[in-house]
Amino acid sequence: MLRFRSLLSSSSSLVSRIASLASSSSSLTLPAYGRAACSNPSQGSSFLARGMSAVASAPGGSNLLLRQLFEDESYTYTYLLADVAHPEKPAVLIDPVDRAVDRDLNLIEELGLKLIYAMNTHCHADHITGTGLLKKKMPEVKSIISKDSKAKADILINAGDKIHFGNLFLEARATPGHTVGCITYVTGDGPNQPNPRMAFTGDSLLIRGCGRTDFQGGSSTQLYRSVYSQIFSLPEDTLIYPGHDYKGYTVSTVGEEILYNPRLSKDEATFQKIMEGLNLPYPRMIDIALPANLICGLQEVSVQSV
């Protein structure tokens with residue numbers, strides 16, 4: 001359970017931290033965004049959708065292979081991670097999309113990896129997860145989603161759980177607010193783990209934005225506190241890999257988003273007003289995607305705890 005009281009009691013230290021970042025922003029080492037090569041986002045996304053990588057390899061000299069893949073209808077990022085130093089090269093997919101499953105499997109085969117987990121950051125409303133199709137093609141792959149999502153999966157995880165693949169692991173951090181079951185997956189903190197760390201934030205935190213909070217049990221108050229306690233509490237050089245992008249951005253950092261996120265750099269009351277005033281249309285795919293994703297992308301599975 002998130003410790004919101006602790007967060008609120010330490011708000012003055014957060015303000016001091018933001019002020020410190022702002023005063024030293026000229027000396028921050030920030031990553032290149034890696035915009036799509038052309039100005040049209042759909043054209044740029046076609047390049048990534050063919051299985052190319054926006055990130056050649058993980059930073060920090062760890063044994064992690066990272067590929068960032070883009071699906072250009074729902075503007076969804078799928079992330080392929082693998083421990084390439086391990087004899088079996090075990091791999092995980094975060095937020096696969098049904099339309100791109102063949103692309104993902106082809107890339108996994110080309111790289112000689114062994115997919116063991118298909119993971120979702122939350123129960124999506126804008127596309128159908130590829131988890132069900134992946135399990136149909138590779139029955140040995142286990143699906144993962146948070147227990148709080150109320151969706152089906154082979155493994156239901158809670159905050160603090162660790163997902164191991166080879167000698168690497170991802171830590172699950174509960175970041176509800178966009179939906180009640182949102183999870184951010186963060187690379188491990190320890191020897192031989194990626195440095196800087198990486199956070200795969202789903203829709204909880206986007207580059208210069210965040211997910212909407214007006215459906216699926218969303219709450220702007222909860223999202224604000226989730227981001228500050230579970231994501232903005234990470235080291236400032238932690239790399240942010242979002243679940244979607246609509247402007248051609250690929251990666252950011254915690255320090256950058258604290259300073260420049262037009263919603264979450266504000267105080268909580270201002271953030272709530274911003275979110276209440278969005279007046280977003282009803283999600284186009286929700287009536288199809290949500291029921292499918294609640295049963296793991298049309299794939300019946302046996303459920304267990306991690």
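Modeller: Here is a walk through the aromatic pairs, ring by ring. Bear in mind that this is a predicted model, where local features need pLDDT of at least 70 and side-chain atom pairs count only at pLDDT 80 or more, while totals for chains, interfaces and linings use all residues. Residues are numbered from 1 along each chain as its sequence is written, and side-chain values use heavy atoms, with hydrogens and water left out.

A pair of aromatic rings is described by the distance of the centres and the angle of the planes. Rings of Phe, Tyr and Trp (its six-membered ring) pair if their centres lie within 6.5 Å; planes under 30 degrees apart are stacked, over 60 edge-to-face, and the rest tilted. That rule gives 10 aromatic pairs here. Take Tyr-77 and Tyr-79: their ring centres are 6.0 Å apart and the planes sit at 40°, so this pair is tilted. Both Tyr-77 and Tyr-79 are buried, where buried means under 20% relative accessible area, with a 1.4 Å probe and protein chains only.

Tyr-79 also pairs with Tyr-241, this time edge-to-face, at 5.6 Å centre to centre and 65° between the planes. That pair links distant parts of the chain, 162 residues apart: Tyr-79 belongs to strand β2 (residues 76-83) and Tyr-241 to strand β11 (residues 239-242). Strands here are DSSP runs (E, at least two residues), numbered from the N terminus.

Technical notes:
Buried means under 20% relative accessible area, exposed over 50%, partly exposed in between (1.4 Å probe, protein chains only). Helices (H or I, at least four residues) and strands (E, at least two) are DSSP runs, numbered from the N terminus.
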